[in-house]
Amino acid sequence: MSWFESMVERAVAELASSHLLREPKVVEGVRGPFATIDGREVLSFCSNDYLGLSRDSRISKAASKAAAGWGWGAGSSRLMAGTTALHRAVEREIADFLGAGSALLFASGSAANAGLLTATTDEETLVLSDELNHASVIDACRLSRAIVRVYPHGDAEAAEKMLASERAARKLIFTDTVFSMDGDLAPLPALRVAANRHGAELIVDDAHGFGVLGDTGRGGVELAGVAVAARSANLAKAAGSIGGFVAGSRDLVRLLESRARSFIYTTAAPAAVAAAGMEALRLVRVADDARRRVVALGGRLARGVRALGYPVRESPAPFLPVVLGTEEKALVAAAKLWESGFLVPAIRPPTVPKGTSRLRISVTALHAENHVDALLESLAKI
Ligand SMILES: *Cc1c(COP(=O)(O)O)cnc(C)c1O
């Protein structure tokens, strides 16, 4: 056996024996909040499709119509010939919705983070990153040449101390607005104040806030009411489509177009994806009812989980963690829920810190109150 084959074999065996092997479930069909897996229809609580838009036929129709006119594949990267009028239109639409000068689409939110951070920082930039930031923010930090320091989760005071003590020509705080495995909010107002005191900038990843939080769905930034130098997010969660973006000044977008490698060296998303994004944004703008519904369902879930004795932080996010501890405990709990007809993912390291393996439960506007109540009843028995 070559070293390569034996290394792979050993790594897989180690992952399996420590309950860390991951395997995608294959979804055979969907119906509302239900998914059919292994021939069985279960109620799914693991979607980020908070407003239920991913199933909205108006989005898929917009995509089909554009695909019929433009073809499917973009055929080249954005800077070659992959930027269509539809790409520009959806970018204008994002900027308009967020009140930003401009916006730039990326293939994904992960690519947007990588492009944003690598194009705007250098060896003389200090980047402060929350310890529970999304993996793609962590990767963006690693990919940048910046001086990266990680501050304790949600601790604006600690971040401010680092801003005061670390020497760098330029300083930046980069945080998720809503933490993807904890559902809590970053202390944006306190971080803004800390940044201002030290001449630092604040940029945020609003992937879980965009479309669902704030009075009008403009996200975690709207909810906190703070100014940010730039934000990344995507159209793949509450907006029910696909693709990431950065919103900021016109010059920021011009810089990213010339310098963000994750924008430049990759094939453009199809025009149909841009068309789907346009329709998704239109629906996000008028989704007040769905937003109210999903926030109410999230509240119902949180109250129920608290009543079972699990600590759950106050948050308007439509998902929450049920922290159980070991990998095995989380897997056993997920398996029991599966047996009762619920799809709830077990989240294990390295997605979350060791010893904090958990269930991550999310609700969408497609759920009904009795769906949440039924899940809570089964959760009580795990
Ligand atoms: C999902 C997510 C991303 C990645 O977005 P994709 O479009 O799925 O690549 C980035 N940041 C956060 C906080 C996320 O939750």
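Reader: Are Phe-210 and Phe-245 buried or exposed?
Author: Both Phe-210 and Phe-245 are buried, where buried means under 20% relative accessible area, exposed over 50% and partly exposed in between, with a 1.4 Å probe and protein chains only. This is a predicted model, in which local features need pLDDT of at least 70, side-chain atom pairs count only at pLDDT 80 or more, and totals for chains, interfaces and linings use all residues. Residues are numbered from 1 along each chain as its sequence is written, and side-chain values use heavy atoms, with hydrogens and water left out.
Reader: Why is the pair of Phe-210 and Phe-245 called edge-to-face?
Author: The ring centres of Phe-210 and Phe-245 are 5.1 Å apart and their planes lie at 70°, so the pair is edge-to-face; rings of Phe, Tyr and Trp (its six-membered ring) pair if their centres lie within 6.5 Å, and planes under 30 degrees apart count as stacked, over 60 as edge-to-face and the rest as tilted.
Reader: Which residues form one aromatic cluster?
Author: Phe-97, Phe-210 and Phe-245 do.
Reader: How many aromatic pairs does a search of the whole structure find?
Author: The search finds 6 aromatic pairs, among them the edge-to-face pair of Phe-106 and Phe-263, at 5.8 Å centre to centre and 65° between the planes. Phe-106 and Phe-263 are both buried.
Reader: Switching to charges, which ring does the charged end of Arg-40 sit over?
Author: The charged end of Arg-40 sits over the ring of Trp-338, 5.1 Å from its centre, the criterion being NZ of Lys or CZ of Arg within 6 Å of the ring centre and within 35 degrees of the ring normal.
Reader: And where does Arg-31 lie?
Author: Arg-31 lies over the face of Phe-34, 4.8 Å from the ring centre.
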